[in-house]
Amino acid sequence: MISKKQYILAITIIVLVGVVAVLPRYVEQRHNRVTAGPLPEITAAAKRLHKSLLVADLHADSLLWDRDLASSSTYGHLDLPRMRRGGAALQVFSIVSKTPHGLNLHENADDSDDITWLAMAQRWPLKTWFSLHERVYYMSSRLTALAADPDKQFMLIRNQGDLAEFLSRRQQQPEMLAGLLSIEGAHALEGSLDLIDAFYARGIRLVGLTHFFDNEVGGSAHGERKGGLTPFGKQAIARMQSLGMLIDLAHSSEKLFADVVSISRYPLIVSHTGVAGTCNKSRNLSDTQLRQIAATGGVIGIGYWPSATCGSDVESIVRAIDYAVKVAGIDAVSLGSDFDGSVSTPIDVTGLPYLTDALLRHGFSEVEVSKIMGGNFFRLLGTALPAA
């Protein structure tokens, strides 16, 4: 006969196991929502055009969550089957290694970390619980494993050779998809230049310098100091760009943004953002910043969430895109959904045809739509990625 103490311990363990099994799914369902109601009927012209497009998106945080991306899910924003249903071709998968509690848009210290609790709840390897770079290794390995399985029809893009192979294979296999790895916040470097090479070896090709707090590289738009580029940051950017890694200025403070623009000799990216011209909120780009990115030959990914667009429908995304095109030019604007990034969006990835339709209705030509929906980013990758 078991004792009362043993019985209580057994019940406690059962409850804890149940919580661990259910909590991550509950958290994601609460944070990554689709908010739009019924959408208008897509025109025949939009359906035809969308089938011909190479659609690329510059930012999704899907690797953060404990979902099998090879299987279709009923929650969250993105997985490979839903990418196919939505006509997507390439997704930049961002690695989030640390987030402060509360995600305040105006000011955050670096002394809290919600990813630790998520790593524990999702039963990540123990070494990821207290190491930022181990989290990068772990999340990048998930995408690498998908690409290693030929049945998944998914490629990881590391260089121009991979890109050319993907484009060739997709002509024969329309179901073929591609991913590109990025990190959201150079705090994952933990102050070590050597980790840049380690991240590169694991397929990281895009580096967001900051996220929700200041770090060793420079200031965040949401940090305490919001400073500019540090001496370490200058070294880090030189090392990244020498390898062929793209720099992402999303979440950067105004000073960091200006400092990087002044020294960079390569195209710069803002992977997911709004524009102050249609939504004057924290970190949305000014007209000057839009023009500066365009002048580098880079691209700006327009986001889908409310504080990026000041709306909750597809039309608000199109308004931001239209404004960015008028300021920065048609060759500088792309998509940057922030899917699965703890945001609410009017569509998930299956809703991309509605965006094509809305752009056509707004007056963009088919050539312009093809650039916005992916052509601009594919063009950039074709020149900026390392050769091999």
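View 1. Cys310 is partly exposed, with a relative accessible area of 42%, whereas Cys279 counts as buried at 1% relative accessibility. Here, buried means under 20% relative accessible area, exposed means over 50%, and partly exposed lies in between, using a 1.4 Å probe and protein chains only. This is a predicted model, in which local features need pLDDT of at least 70 and side-chain atom pairs count only at pLDDT 80 or more, while totals for chains, interfaces and linings use all residues. Residues are numbered from 1 along each chain as its sequence is written, and side-chain values use heavy atoms, leaving out hydrogens and water. Cys279 and Cys310 form a disulfide with their sulfur atoms 2.1 Å apart (a disulfide is a pair of cysteine sulfur atoms within 2.5 Å). The link is right-handed, with 75° about the S-S bond. Cys279 sits in the loop between β8 (268-273) and α10 (287-295), and Cys310 in the loop between α11 (306-309) and α12 (314-328), so this pair, 31 residues apart, links distant parts of the chain. The helix and strand names come from DSSP runs numbered from the N terminus: helices are H or I with at least four residues, strands are E with at least two.

View 2. Look for β5 at residues 177-184, where 8 of its 8 residues are buried. Leu177, Gly179, Leu181 and Ile183 lie on one side, and Ala178, Leu180, Ser182 and Glu184 on the other. Two strands pair if DSSP finds at least two bridges between them. β5 pairs in the parallel sense with β3 (residues 88-95) over 6 bridges, and Val92 has Leu180 as its bridge partner. β5 also runs parallel to β6 (residues 204-208), joined by 4 bridges, among them one between Leu181 and Ile204.

**View 3. From β4 to β5.** β4 (residues 154-156) and β5 pair in the parallel sense over 3 bridges, and Met155 is partnered with Ala178. The chain passes from β4 through helix α6 (residues 160-172) to β5 in a right-handed β-α-β crossover. Right-handed means that, with the strands pointing away from the viewer, the path from the first strand over the helix to the second runs clockwise.

View 4. Which residues of α2 (residues 44-52) are buried? They are Ala46, Leu49 and His50. These cover an arc of only 100° around the axis, which puts them on the same side of α2; the arc is that of the directions from the helix axis to the C-beta atoms. On the other side, Ala44, Lys51 and Ser52 are exposed.
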